[in-house]
Amino acid sequence: MRATTIHGPGDIRVTEVPDPVLQSPTDAIVKVTAGCICGSDLWPYRGQNDVEVGATIGHECLGVVEEVGSEVTSFRAGDHVIVPFCHCDNTCAHCAAGVQSACTNLSMTTSGQAEYALVGQAEGSLVKLDGASDPALVPSLLALSDVMPTGWHAAVAAGVPEGGTVVVVGDGAVGLCGVLAASVMGAERVIAMSRHESRQQIATAFGATHLVAARGREGAAEVKEITGGIGADAVLECVGTDDAMGTAFAVARPGSTVGFVGVPHGVELPVRRMFQKNVGLRGGMAPVRRYLPELLDHVLAGRMDPGRVFDLSLPLEEAAEGYRAMDERRAVKVLLEP
């Protein structure tokens, strides 16, 4: 099959790789109808994560079931499905506690930017759609495989209060989805920290009431001014860098919580500030399957349109250009069509 592969920093290719095959009776093979590039894919692309030369890359996709293992009973060939980026049995003790991203049988999509993807624990992971989707809905449905549940998880972890003030640190696709999540959850004031006009426009469409372009201490001072010196009731950290985490704690009011979903790179927590201000930290890898039914209902009912984060669509063969566009901030998020 044709698949996006990574060969080193800045070296993305679309190459021929072996088709996936069922490895377990709990597996399914899905023919990908839409995939995309994630901000976290840029870490290895930029040389900040180790790279296995020639490995497939991409973990977000929609598709049609091609084949299922003998223990997969709720799905069959021809079913249209959303594939969560993290796979779970949805029955273990951790799944039952709502932490499907720590399932005892956890696996990940590894070829979401390809013609076919292998899904482990398909019975507990896949979410069935009612036939082929309206093309206009595809971007929003694709967003449910990762970025929208991840932004939602940040909001849940931070405890976004109805009528409260929320600050979102990060204006990538996850941060923008965090803005949308806070708005849908009923926050009265949503402050998006963004200095890119195209992303500010999406943030505003998603419900941001204030935009702060400044970074560091200046940005934190602007947030304090907006909040009358109090700070935010909940903060969503959606980047994963030390600067972003520092900003998140700088704008959090005493007694609040920072919800973090940015994959940490070089982060050192300000433990003394956390202690002195009673500011908590919760979050981590999003349990996508936990949130998918509710978020799918929101999308189908027209209450949210997370697909607006896709501002560039390319054929699979042009995946390398998609990576360049996101790395150079010419695109927020790129949709790939096999």
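**Entry 1: Ser-101**

I began with Ser-101, which touches Cys-86, Leu-106, Met-285, Ala-286 and Pro-287, leaving aside residues up to four places away in sequence; contact here means heavy atoms within 4.5 Å. I was working with a predicted model, where local features need pLDDT of at least 70, side-chain atom pairs count only at pLDDT 80 or more, and totals for chains, interfaces and linings use all residues. Residues are numbered from 1 along each chain as its sequence is written, and side-chain values use heavy atoms, with hydrogens and water left out.

I found Ser-101 in the loop between helix H2 (93–96) and S8. Helices (H or I, at least four residues) and strands (E, at least two) are DSSP runs, numbered from the N terminus. Ser-101 counts as buried because its relative accessibility is 8%; buried means under 20% relative accessible area, exposed over 50%, and partly exposed in between, with a 1.4 Å probe and protein chains only. Its side chain reaches the backbone oxygen of Met-285 at 2.8 Å.

**Entry 2: Glu-60**

Next I looked up Glu-60, in the loop between strand S4 (55–56) and strand S5 (61–68). Is Glu-60 buried or exposed? Glu-60 counts as buried, because its relative accessibility is 0%. Its side chain makes a polar contact with the side chain of Lys-333, at 3.1 Å. A polar contact is a pair of N or O atoms within 3.5 Å; within protein, one must be able to donate a hydrogen and the other to accept it, and residues adjacent in sequence count only if both atoms are side-chain atoms. Not counting residues up to four places away in sequence, Glu-60 touches several residues, including Cys-36, Cys-38, Asp-146, Val-147 and Lys-333.

I checked the span of H5 (residues 147–158): its twelve residues reach 17 Å from first C-alpha to last, close to the 16 Å expected at 1.5 Å a residue. The expected span is 1.5 Å times one less than the number of residues. Gly-159 follows H5 with a positive phi, near 70°.

How far apart are the end C-alpha atoms of H6 (residues 173–184)? They are 16 Å apart, which agrees with the 16 Å that its twelve residues should span. Ten of the twelve residues of H6 are buried, and these pack against H5, strand S11 (165–169), strand S12 (189–193), helix H7 (197–205), strand S14 (232–237) and strand S18 (333–337). Just after H6, Gly-186 takes a positive phi of about 100°.

Gln-121 has a phi near 50° and is found in the loop between S9 and helix H3 (122–125). At 16% relative accessibility, Gln-121 counts as buried. Asn-278 has a phi of about 55° and lies in the loop between helix H10 (271–277) and strand S16 (280–283). At 58% relative accessibility, Asn-278 counts as exposed.
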